Amino acid sequence: MKKVLVVYYTQTGQQKEILDHLLAPLAADPEVMLSFHRIQPVADYPFPWDSLRFFDAFPESFLQIPCPLEPIDPRVLEDYDLIILGYQVWYLSPSIPFNSFLKSAEAKALLGGKPVITVINCRNMWVMAQEKVKRALHELGAHHVGNVALVDRHLNHVSVITIVHWMMKGRKDSYLGLFPKPGVSDKDIRESRRFGISLLPHLRNSDYTTLQAEWIEQGAVWVKPVLVFTDKRANTLFAKWARLIRSKGLPQARSRKPWLRAFNYYLIFAIWILAPIVTLLFLILHLPFLSLVRKETKYYQSVQLKIPR
């Protein structure tokens with residue numbers, strides 16, 4: 001009997017839906033015992049969001065400052081053959097609840113020395129958030145053996161409009177009856193089952209050596225070099241904004257509100273003006289560095305971690 005623990009956080013329910021489809025082959029196997037744990041903040045984050053709470057989560061999210069979590073049921077704190085972590089990206093970093101779990105004593109006890117798989121669902125930019133998760137897993141002593149990243153495949157500016165509709169209104173439907181549904185497509189969620197089929201023999205044999213290579217062939221990770229380029233530069237700018245706003249007070253402090261409003265305006269400018277310019281620059285300048293771009297793409301598809309010397 002193989003014991004598998006799935007630790008995840010979700011507001012909308014999409015993360016759990018993805019995990020249920022992806023892991024359906026494991027759930028159907030009588031030799032696999034599948035357990036789920038939803039990360040539960042002491043003060044949970046709202047869904048749908050209101051504008052103030054949405055932007056107020058930015059500094060702590062980007063700076064990876066944890067929030068208090070409810071204790072994990074002692075019955076969950078057992079020994080597992082495989083642990084699967086499901087998370088979303090908030091402001092180019094792992095969500096606050098998920099990051100808080102990674103910084104907990106329970107995570108150290110559960111993940112140390114264990115094979116770990118990450119399952120991401122997000123709008124489109126996940127690469128730098130995943131680098132942060134890779135480093136956290138390395139520090140916990142976990143063995144990162146696989147990653148799946150499911151994203152909204154629509155054009156960047158289309159997905160901005162639809163995700164705002166979903167996050168602020170709480171409805172995963174067509175905005176104005178004209179735009180596509182927000183989030184990961186129903187088709188991609190249903191078809192994620194193929195990754196569970198590929199995972200099952202690796203779980204049975206306790207050998208994950210070739211798992212990520214197989215998943216890459218199956219389309220488990222979608223890396224767009226132009227988005228990686230944007231992600232890196234946005235991380236540099238977000239770091240300055242996050243430290244500035246954090247210096248003005250703790251979450252929900254009135255002293256932060258003018259700065260959160262300023263960041264809101266900056267974000268609108270960055271998405272609608274700066275991002276197209278960055279995209280154009282990348283398309284013009286990347287050709288001489290095509291071999292480097294391909295090398296980077298291969299790295300970000302993998303579960304390897306560059307460790308500074």
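Of the 65 residues in the largest nonpolar core, the members that touch the most others are L85, F101, L102, L111, W126 and F263. A nonpolar core here is a set of buried Ala, Val, Leu, Ile, Met, Phe, Trp, Tyr and Cys residues joined through side-chain atoms within 4.5 Å. Buried means under 20% relative accessible area, exposed over 50%, and partly exposed in between, with a 1.4 Å probe and protein chains only. Helix α12 supplies the largest share of this core, nine residues. Apart from this core lies another, of 26 residues, including L23, V32, F195 and L200.

Before I continue, a word on the source. This is a predicted model, in which local features need pLDDT of at least 70 and side-chain atom pairs count only at pLDDT 80 or more, while totals for chains, interfaces and linings use all residues. Residues are numbered from 1 along each chain as its sequence is written, and side-chain values use heavy atoms, with hydrogens and water left out.

Let us return to F263. Which residues does F263 touch, not counting those up to four places away in sequence? They are F55, F58, Y91, F238, W241 and I245, where contact means heavy atoms within 4.5 Å.

I turn next to the strands. Helices (H or I, at least four residues) and strands (E, at least two) are DSSP runs, numbered from the N terminus. Strand β6, residues 143-151, is mostly covered, with eight of its nine residues buried. Strand β5, residues 115-122, runs parallel to β6 and is joined to it by eight bridges; two strands pair if DSSP finds at least two bridges between them. N121 has L150 of β6 as its bridge partner.

Both N121 and L150 are also in contact with V184. V184 sits in the loop between α8 (156-169) and α9 (186-191). Is V184 buried or exposed? With a relative accessible area of 1%, V184 is buried. Leaving aside neighbours within four places in sequence, its other contacts include Q14, I18, V151, K172 and I189.

A cavity is a set of points on a 1 Å grid over the protein atoms alone where a 1.4 Å probe fits but cannot get out, and lining residues have an atom within 4 Å of a point. Grid points are joined across faces, edges and corners, and a volume is the space filled by probe spheres set on the points. How many cavities of 30 Å³ or more does a search of the whole structure find? The search finds two.

Ala, Val, Leu, Ile, Met, Phe, Trp, Tyr, Cys and Pro count as nonpolar, Asp, Glu, Lys and Arg as charged, and the others, Gly among them, as polar.

The largest cavity holds about 50 Å³ of space. Among its lining residues are W126, W222, K224 and D231. Helix α12, residues 225-247, gives the most to this lining, with three residues. The lining divides into seven nonpolar, one polar and two charged residues.

Finally, the backbone. Most residues other than glycine have a negative phi, and most peptide bonds are trans. L92, in the loop between β3 (82-90) and β4 (93-94), has a positive phi of about 65 degrees and is buried at 9% relative accessible area. L176, in the loop between α8 and α9, has a positive phi of about 60 degrees and counts as exposed at 60% relative accessibility. The peptide bond from F47 to P48 is cis, with omega near 0 degrees.

Terms used:
On a 1 Å grid over the protein atoms alone, a cavity is a set of points where a 1.4 Å probe fits but cannot get out, and a pocket is an open set with protein on both sides within 12 Å along at least five of seven lines; lining residues have an atom within 4 Å of a point.
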